[in-house]
Each structure stands twice: as C-alpha cells, then as structure tokens.
Amino acid sequence: MDFMSWSLNAPSSIVFDNYMQKTNGKWEIIDETAIDGWGDTDRNFFHMYEKYHDKIGDFGLHEFGVNEDGTIYDYRATSYLILNDALDDLQMTVPSSLQYLMETYPNINYSIQPINFGQKVDKFLHVNRDSSIPTFINHLKTIAELYQKRWPMINCIELDFEKIYTLNEGDPIYDDRDAEDRTVIGNAVGDDWNVYADFVKRVKDEICIPLGMKLRVNMYAMTGDFNPHYYGWHDYKTLASRTDINGNQAIDEFQIMSYDFTYAYSAPGPSTPLWWLKEILNHVDDSLPNDRTWIGNAGYGRRWGLDAGQPGSAVTFHQLLMWQNGMYVHNHSGETDWIWHNQPWLPFAGFNDESSGYQVTYPHLYDKFLVNFADVVQGTVNNTTYSGNDIVTSYFKSQQPIFTNIRGIANNAVTSGNIASSYTGNGEDISGDYLGSDTHFSGAYRANKAQYQYDEPTSACVPVPDETGTDGNINFDFDIGIAGNYKLIALVHFNTYANNQINGTLNGTAFTIGGDNIEEWWPFFVDKSAWIDVGSFDFQTSNTINLSPSSGFIWGFVVCDDFDQNFLGGTIEFDSNVQPYYKRDSNGEPTQASIPENVTLTGEILRRPPRPAIIFEDTFSHMLSQEDAGFNFTTINYYMNTQDYWDSGETATYYETDDAYACTDSLGIQRIGFSDGTWELQENGTVKGVPYDVGYTSQLVLYRKFSWAIQVRADIAVSGTYPKAGIRVLANEEGNGNEGYLALLDYSQNKVVFGYENGDSFTEIASEWMSDSLVGLKGSTTNLYASIHKGVAYVTVGERNYITVDMPQDAPNGGAYGVYITDGEVELSLFNISTLDRWEPLEKMEVEVDGNVYEYGEVTRTYEDGSNISYDDYGYLVVSGLDIEGLGQPDPDNPENEGGSASLDFSQDFQNIALAEHPAWQGQKPIRVRMKDAGIWFTQFYVGDSEGFSVAYNSDLTGFIETTNLLFEHNCKGIAMWTIGQEDPLVFQYLPS
C-alpha cells in the first residue's frame, strides 16, 4: 500500500533558516537548538519526515494558490505572485524546508498543487473563463518547467479546487454569495461538473503531457452519482469520462478527500466514520479505477465546545495527549482578552469509538446519555437512526390535553339500529394525566343510515329486515354536579377524509362536529382518536347527547370549564448522576476535585426551518405490518379507486353493470374516486405504480379535494424506455383517472412538463429541458414538488425550480392530488400534501429541572410592517407563501430569538445546543427535555461544567488501521493522510517501507 501526504505543516523559510541553511550547495545545521523553538506541528512534521521518509511514496506541495483571474500566488504569502513580471522566472519558491526535503529525499514523487477555494472557483471557471483558464495554463506550465529544472523529482500536477455547492447552467454567480446585499455578476455557462471536467482535461493535454507529468485530482467524498448534490461538480463518472489527446483517461490518479465527514460547524464525530467510508468505496468501485485512487485519512482530530455550542477546532494527536493528561483547561474569549476559569486540572481517558476506531475524549463532562436510553414521559417519541447514530424525534405533534375543572365524562355509549364500530376490542384508555383518573372508552361508534334492499315481488326498495334497516342512533346519558354553562369536548375518530362529520343534539340543542367546521389541514385524520372543542352549552345536572346518522366515529365526551389541546411533540427524561472527579494534589496524591458551580445541559440536536403544514403524508412501509408485498393501495378508502357508488335509500335505480336494481338515495348511482391502475406494496416498503398497458396511465390520488394553497411532494424513481411520471394536480372530475393537471418528468423528451390532461388529450402549458444530472437520475429516487399558490403553478425537482407559470383562467379553485405514471413504472417512497397557507415551526424545546422550566429555540418572526406573525390553534404560523424566508427581526429582550430569515438561521447538521444552565448538584436528578415542536432530531445529551466542557475525536493508530483495512479490501492505490505533523506517530511503524 502506498502512502501520501502534503506540506501544510512544513516550517516556513524564516523558521527553518534559523536551524538549517544551504551553503555552497550543501545543507548544513547552523543551530541545532533552534528546532526546539518551533511550533508542535512544524517540529513533528520535520521529525516524522526525516525519520520515516522511506515510507512516503507521494508528497504534495500545498503551496500554489490560484486567483480568480488565473494567476498563481504563493499560498503562504498571498500577496506575492510566483512568477516575475516577465513571466519567465520564479520570484517566489516553496519554503527552504521543502527544498531541503526534496533534495535530500529525491525518491519520493512530488507534486505541484494548485489551490482554488470557494467563490473564486466560480469566477475562474465561469465569469472569467475566457481569460482565466488560458492565463492559468500558461502560468502553471511555466512554473512546472522552472521547478522541474531545479527539482526533477517533481513529476505531478495535483489540482485542489474546492467549493461546497454546485452550479447548473444559468445559475446566478454572486460577488459575495454569503452577503445579504449580494449582487449577481454573471451566470454559470454550462453545468459545473462538465465545465470542471473539461478544464481538467485541458490541464492534462496542455501541461502534463508536454512536460511528462501525471495529473492527480482531489475530489470530494461522495457516496453516489451527484450525491451529495452540493459536491456534484466533482461527479466521479463525469471526471473519469474525459480522455486526453493520446486517448487515455485524462486523470491519472484520483484522490478522495474522505477526511471531513465532520467539520468545524458540524456535530461532533469522527472525521471518517467507517460506514461512510464503505459507502464511498462502493461508489469508487462503480466509478473509478481503484488501483489509481487514493483514499483520504485524517491525521488530526477536532474538539467541539459543548458549554455554548462552540465550533470544532483542529486538534493534533500531541494536543490530545495534553488534554488527556490534565495539562489543559477550558477558557473563553472575552471582548478584549481570554477569560480563564478556576477549573480543576483533570486527566481524562480516551475511549474507542466503534464507528471509526478513533479516540473520543470528554474534558470536564459530568454525565452523558444516548437518547434512545431516555424514558418517554409524554407524547409520541419515535426512535430511528441517522448517519449511523440512534436518534429520537417526534415525526408529528400529538394532543396532550389540559382539561380545567372536569364536570362530567360521557363514555358509555348506548347504540341501536345500523351502527358501525371500531377499536371495540380493547377500546381506549385515557390516562389520569389528562382526565384526573384513568377512564376507559369502550370503542368508537358511528350511526349509519338505514340500509335498503330491492324487493322483486313489489318492485320496490324496502328496509333490510334486521337492525341495519333502521337509522343508527347513539345515546350518552350522564350527570354533572352543578348545572351551568360549560365546554363540550368530543373524542372522535375520523378514519378517512370523507368520514369527518358527526351530527347530534345535547338536551335537544343541535350541534355539528367536524365537517365544514374543521380546517383542511386538521392534523388528526386517520388517527385512532382526537379531541375537538364542540363549543359552550348550558348543561343540567342530568344530560343526554343523541347522535344521528353521521360519517365520523365518536368515542365519547368530556364536559369542563376550559380546554387546551396542548399540541406538542414528545417529552423524554434522563436520570442524571453528577459526581466529582479526582485529581492529583501538590504531593501527587489523589484528591477529590470540586463540583462546578453551574452545569450546562447540552443536546446534540438538529432543528429545522419551518415547513408547510402537513395535511397528509404516507411512507407506505407501515403497511408491511398489516399486508403482504403485492397489496394494492387503491383498495384503501383514502386512495379511493374509480368506481360506481351509491348511498342506500328508497329509490330503485337500474344498474346496467349488474343488470339489476340498486336501492339508492335521491342522488342515484355516482362515479367516485380518482385512483386507478395497480399500486403494489414492495418488500422494501415502497409502492410501485404500473399502468394497465403501454399507452395507458395509472394514478394514486388521495380521495379529498383541497381548495387552499397546496404543495405536493413525491419521492419517485422512474423507470422504463420513455416513461412520463409525476404529480397529478387539481383533479376535479370524480371517477375519471385521466383528468386534471400534471407536473411530469417526461423522459420521452428529457423535459420537465406542466400541462392539462382530459381523456386522451394533453395540452402542454410549460416545459423546460432537464439538466444532465436529472437525466442521469432516471431510475433513481428524485424529489419532485408541485405547488399551486395564488393562481401560479410551480414545479421543482430537488432544490431547482424548473417551471413557474400562471394557471389558466378556467382552472378550478380546488381539486385532488396524487402521483401519476404512463409508459413505464414508478416507485414511490414518500407522498406528502401540505398547505402553503400555514407553516409549522420545527424549533422550540424546553428543559425542566427541579420544577424550573427553561425554554429554548423560538424564533421571533414579523411581517414587513413589523407586526408579529401569529400562531393558530395548532401552533402553525399564520402566513401564506412559497417560503417564509426574510420574515423575522431580532428580539432585543430575548437573545435566543434571533429573528432573521426563517431558513438561514438553521444548520443542516446536528449542533451542540446549550439548552439550559442550572445550579450544579451531586447525586441523581431527573431532567426532562420536551420537543415542543415536531421534526427536531435529538441524538445525545450532556451535563457539563458551565465554565467549559467539550468533546474531542482523534484518529490514532487504531483508526488508521481500520481505514487501511478497507482500502486493501477495495484494492485502492493507497492512503492519503492530511497531514504529516498532526498524526499519531505510531502510524509510521505500521506503514511498510
């Protein structure tokens, strides 16, 4: 196995020249003690290189910065160009330390490494391309020729171009991408991945081949084609596809930068977790020549502050040993200087991290929990995994109701006539947390209309001769202590979108539950039960509630003075135990250290920007617990398939299909439903849609029309020769599976299309060519969005909006939504319908200790006129729009409420968030953490010294071996360690010469 590293920690000329200089062509030590004054990394770098040079195969000179105009500067002295004004000689060279190493150890392969980071890459590759690339080619070729004359051991150009986003053709390029007042200075000319690949080929053809040098390219770590999308401009297959002027693969060696899975602003963790490295290597197997591919490894570690969410800072192995031996304590940066605390100087053990082989150390931590070991106290808490870690979350909030002064409970239903029932096996037990004492509801009941059957002798429809031939009736008789005006709260079950209303009377006064009284985004459809505030009524000491034929199910009622549905995420509890550490006293004897004055309670948490309030969401895999693979989803009522339907009644209506009479109400026989075709459950938990035959269509549509602003998301993988698949929008004609608008991925044209279908006719309204990456993603899962807001349709794929178009004047105000396929197959893994008229925050948390409640995370948001955005009864933000970016101002009375953009305030990664600070204690104490909002991901919980505590992850020999074992399995060229001077020195004893 080969080994490679870089020159980041090489001593500067000023430092090195005090130790060694070249005199009369010979390198001589002039002050052997000078090296003792070098920094740790400089000294470690030089010692390791001198001692283990025979184990280094390749070495990169990380010294050549690239300007946006193509000129090349000294990466250490950024204001100095490397070439002179005449462009025929070097005015800057690599430090004398590197000159010494090249001349002393010439058997190593050395490379010139041009470095171009961030937005300079955009300006270099797109805005200034016509001049910058020729300038770069000319300068780099001249530099390489001059270097080779002096140091012929330099035989490689190693391109190190990096930025963390990908531009598509036409995307704007900004003067400063991160500035609020940024301005557009140009647009991407071509897709980034092709532009970069073509540039790389030019470097090979115009520099490397004429000078007899090889070309190596540093590439981001990716786990699939264009995955992650922001690194897509380093797409492996695109870069590997280019050939040089001699017909060979243009890139001679590939170097995968697989050493920054975690970074300064990420959650703590190893730089290279093994599960991630395996995914990278599998993608390398599929994309690159393994025997010419280097895999990166981190020789350093990183330490993240946990007391105030400080970003991670690089930690060398030498520094880690200092932490572990109690030679460092925490400090904080003040306004003018460092703040030093009176922390005890404590030694700490490093533990092995099984996911990477790294050492993980927790300076000044007093308790730690993995959240899957916490106790669930209230609400719904879901356990899952993300990036190899166990997490808890609340996918959705739940009612955790608060009843004030319960006056009576009606939970004994007396039924007669035609009754439907559900959950009567075990009923519903409502805990004392809500009702004051455990209360049992025997089942959910619905009063149905009487059923009729056709009587041949009389040619008439007559009631069925059993209880179903009588209208259903549900009666609740109950007493309360004192007559008065109180609230009536119903416990209901609306099992489909069509079954959403209950009709009844209270002591003769009529009321209606649900129906038009509930919003389209009412979040409890299909749930087993939900509480609804029916209103305030006058109650007697003895009361009767009577329910007549309805569509919804009832469990029972509660009468109370007041009611708060308390719609929240889940609450978990940690049983903390804080104990003092031991330290050495002045005589070297162990002595008990003091407990901190205050402890900080920190969670490793991923909070999110607000999302459109979810009306309906299906991931389909839940059906695997009830049905076998092959189950057709159109048989479920809420995906009602197109069919003939009638309500039972006294009218005899001839039904031609059965050549018989049906007993209907006055509406007769109707066509209902929108879904058609076959939508089968797969063993992997997805659902596959297949049309009846070539030229036919198939669609899975939720059986409910919506009139509010709607966004639909479908995660689909489309396959077939020329398939068209996407989202059905505003289907309006029940019983017709071929009517409504369509947002399509049309692979017969490689276009994204929006149009209207009615029967066999299709009218295209707008279309755009697919990007090359989207074309290449055929067969892979793609996130497709279709939105209708204020008369405008939007079609978005991933993060790219393809179509924005006004809806036709005759478009309906409402309709049904679903997923569509023709001439192929589509595999659907997620289907979501949300309203754009309400936004759900995913940010608020609470911590409770000793009865003290600490709130965290609410962002203050305001409209442009300065008025606050309010919440509705479900905690949704009352705002309508495609997004809510830009809404929000800082709250001067609460620094936690940062305001600003509702999206940009949130990281896309886990963060160490200090949720609360509390006086320290010794011994056990329960700590409750409540995720007030849904969608908060929570993986670890810490209790540490408020004056500073942290976590460090460092690769060592064990981690290095774990990485190299995988490289052997995949026959890679070697391991590339970033970088000498930071590593565990034992790795060199493991490496072969």
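This is a predicted model: local features need pLDDT of at least 70, side-chain atom pairs count only at pLDDT 80 or more; totals for chains, interfaces and linings use all residues.
**Exercise 1.** Determine how helix 5 and helix 6 are oriented relative to each other.

Solution. 
- Step 1. Locate the two elements: helix 5 covers residues 129-150, and helix 6 covers residues 192-211.
- Step 2. Take the axes. They come within 10 Å and cross at roughly 30 degrees.
- Step 3. Apply the cut-off: angles under 35 degrees count as roughly parallel. Helix 5 and helix 6 are therefore roughly parallel to each other.
- Step 4. Helix 5 and helix 6 cross in a right-handed sense.
- Step 5. List the residues in contact. Helix 5 contributes R129, I133, F136, I137, L140, K141, A144, E145 and Q148. Helix 6 contributes V195, F199, R202, V203, E206, I207, P210 and L211.
- Step 6. Sort them by class. The contact of helix 5 with helix 6 has 11 nonpolar, 1 polar and 5 charged residues.

**Exercise 2.** Find the orientation of helix 4 relative to helix 5, then relative to helix 6.

Solution. 
- Step 1. Begin with helix 5. Helix 4 spans residues 119-127, and its axis lies 6 Å from that of helix 5, at an angle of about 105 degrees.
- Step 2. Compare with the range: angles of 65 to 115 degrees count as roughly perpendicular. Helix 4 is therefore roughly perpendicular to helix 5.
- Step 3. Name the partners. From helix 4, K123, F124, L125, H126 and V127 meet R129, S132, I133 and F136 of helix 5. By class, this contact of helix 4 with helix 5 has 5 nonpolar, 2 polar and 2 charged residues.
- Step 4. Turn to helix 6. The axes of helix 4 and helix 6 are 11 Å apart, and the packing angle is about 75 degrees.
- Step 5. F124, L125 and H126 in helix 4 meet D192, V195, Y196 and F199 in helix 6. The classes in the contact of helix 4 with helix 6 are 5 nonpolar, 1 polar and 1 charged.

**Exercise 3.** Describe the second largest pocket by its volume and its lining.

Solution. 
- Step 1. State the volume: the second largest pocket has about 890 Å³.
- Step 2. Identify the central residues. The lining consists of 31 residues, and A498, N499, S551, Y645 and D647 are the closest to the centre of the pocket.
- Step 3. Look for elements that give two or more residues to this lining: they are strand 29 (444-447) and strand 48 (670-672).
- Step 4. Sort the lining of the second largest pocket by class: 12 nonpolar, 13 polar and 6 charged residues.

Note on methods:
Residues are numbered from 1 along each chain as its sequence is written. Side-chain values use heavy atoms; hydrogens and water are left out. On a 1 Å grid over the protein atoms alone, a cavity is a set of points where a 1.4 Å probe fits but cannot get out, and a pocket is an open set with protein on both sides within 12 Å along at least five of seven lines; lining residues have an atom within 4 Å of a point. Grid points are joined across faces, edges and corners, and a volume is the space filled by probe spheres set on the points. Helices (H or I, at least four residues) and strands (E, at least two) are DSSP runs, numbered from the N terminus. Ala, Val, Leu, Ile, Met, Phe, Trp, Tyr, Cys and Pro count as nonpolar, Asp, Glu, Lys and Arg as charged, and the others, Gly among them, as polar. Axes are lines fitted to C-alpha atoms, for helices over the stretch in contact, and angles run from 0 to 180 degrees between N-to-C directions. Angles under 35 degrees count as roughly parallel, over 145 as roughly antiparallel, 65 to 115 as roughly perpendicular and the rest as oblique. A crossing is left-handed if the near helix is turned anticlockwise from the far one by less than a right angle, and right-handed if clockwise. Contact means heavy atoms within 4.5 Å.
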